[in-house]
Amino acid sequence: MSKVKVIDHPMVQHKLSLMREKSTGTKDFRELLDEIAMLMAYEVTRDLPLKEVEIETPICKTMTKVITGKTLAVVPILRAGLGMVNGMLRLIPAAKTGHIGLYRDPETLQPVEYYCKLPADVELRELIVVDPMLATGGSASDAITLIKKHGGRHIKLMCLIAAPEGIEAVQKAHPDVDIYVAAIDEKLNEHGYIVPGLGDAGDRIFGTK
């Protein structure tokens, strides 16, 4: 079974509280999400392998460590996932970016795919799928399934807030994918929104209704 890691760093929790506030406007919401994504990326990449190399400092030659192994790709689930990309790329600027377009049918609450574009060497990369909200888990599960169909095998899921139902759904569908979140909330309501949550992340990022 995959592991679930709650990133409870004080800066992450503080910024998340500001994002939850109903009165937080689009500009501040977007900036806070960008900042949290960068802070969370620090934890998500904690287990990247290192190798020793020889370099020359202004003083002398020395052995030091650099990242080795698989290169990275960030894969946002459109559209809300876009709000997490820039923060992550500030920390890992060499990462490539894929995109997966899914929307949730308002009647069935099931995800519908409309776009998928991934790096050509997807099978060689460590892939970090990002979406602010893990509600029913349908979109995340379908996005990961799509990535696997294209050859992706080394996948992590990074979300801001998760409902227990969403975590359970992803773990059932993809027990090999570790999940990183800033908070696990209480439940889903009858409309499929996370409670207490922060509302519709996409609408709050882009200023739509």
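This is a predicted model: local features need pLDDT of at least 70, side-chain atom pairs count only at pLDDT 80 or more; totals for chains, interfaces and linings use all residues.
How many residues does helix α4 have, and how far does the helix reach from its first C-alpha to its last?

Figure 1. Helix α4 has 12 residues and reaches 16 Å from its first C-alpha to its last, close to the 16 Å expected at 1.5 Å a residue. Its buried residues are G138, S139, A140, S141, A143, I144, L146 and I147. After α4 comes G151, with a positive phi near 105°. For context, most residues other than glycine have a negative phi.

**Figure 2. The protein chain as a whole.** The chain contains six helices and 13 strands. Its radius of gyration is 18 Å, close to the 17 Å that the globule rule gives for 209 residues, so the chain is as compact as a globular protein of that length. Along the principal axes, the C-alpha atoms fill a box of roughly 65 × 40 × 30 Å. Of the 209 residues, 45% are buried. Among contacts between residues at least 6 apart in sequence, 64% join residues at least 24 apart. The accessible surface comes to about 11,000 Å², and 54% of this area belongs to carbon and sulfur atoms. The chain carries 26 positive and 28 negative charges, whose mean positions are 3 Å apart.

Figure 3. With 19 residues at 1.5 Å a residue, helix α2 should span 27 Å; its end C-alpha atoms are 26 Å apart, which agrees. The buried residues of α2 are F29, L32, L33, D34, I36, A37, M40, A41 and V44. An α-helix has 3.6 residues a turn, so residues three or four places apart point the same way. The elements against which the buried residues of α2 pack include the helices α1 (10–20), α3 (85–91) and α6 (201–206). Strands β8 (125–130), β10 (154–162) and β11 (178–184) are also among these packing partners.

Figure 4. L18 is placed in helix α1. With a relative accessibility of 35%, L18 counts as partly exposed, whereas L32 belongs to the buried residues of α2. The two leucines are 14 residues apart in sequence, and their C-alpha atoms lie 7.9 Å apart in space. Neighbours within four places in sequence aside, L18 is in contact with T24 and L32.

**Figure 5. V85 of helix α3.** V85 is found in helix α3 and counts as buried at 8% relative accessibility. Beyond residues up to four places away in sequence, V85 touches V74, P76 and T97. L33 is itself one of the buried residues of α2.

**Figure 6. L72 of strand β4.** L72 is found in strand β4 and is buried, with a relative accessible area of 11%. Leaving aside neighbours within four places in sequence, its contacts are T45, L48, I92, A95, K96, R125 and E126. The C-alpha atoms of L72 and V130 are 13 Å apart, and these residues are 58 residues apart along the chain.

**Figure 7. D131 in the loop between β8 and β9.** D131 lies in the loop that runs between β8 and β9 (133–134). Its relative accessibility is 12%, so D131 counts as buried. Apart from neighbours within four places in sequence, D131 is in contact with I77, A80, G81, M84, M158, C159 and L160.

**Figure 8. Q171 of helix α5.** Q171 lies in helix α5 (residues 164–173). A relative accessibility of 17% falls under the 20% limit, so Q171 counts as buried. Its contacts, leaving aside neighbours within four places in sequence, are M1, S2, V4 and I179.

**Figure 9. Two cis peptide bonds.** Most peptide bonds are trans. The bond from L78 to R79 is cis, with omega near 5°, and R79 is placed in the loop between β4 (71–78) and α3. A cis peptide bond also joins V195 and P196, with omega about 0°. P196 lies in the loop between β13 (194–195) and α6.

Key
Residues are numbered from 1 along each chain as its sequence is written. Side-chain values use heavy atoms; hydrogens and water are left out. Helices (H or I, at least four residues) and strands (E, at least two) are DSSP runs, numbered from the N terminus. The expected span of a helix is 1.5 Å times one less than its number of residues. Buried means under 20% relative accessible area, exposed over 50%, partly exposed in between (1.4 Å probe, protein chains only). Contact means heavy atoms within 4.5 Å. The radius of gyration is taken over C-alpha atoms; the globule rule is 2.2 Å times the number of residues to the power 0.38. Accessible areas come from the Shrake-Rupley method with a 1.4 Å probe; for residues, only the protein chains shown count as cover. Lys and Arg count as positive and Asp and Glu as negative; His and the chain ends are not counted. The place of a charge is taken as NZ of Lys, CZ of Arg, CG of Asp or CD of Glu.
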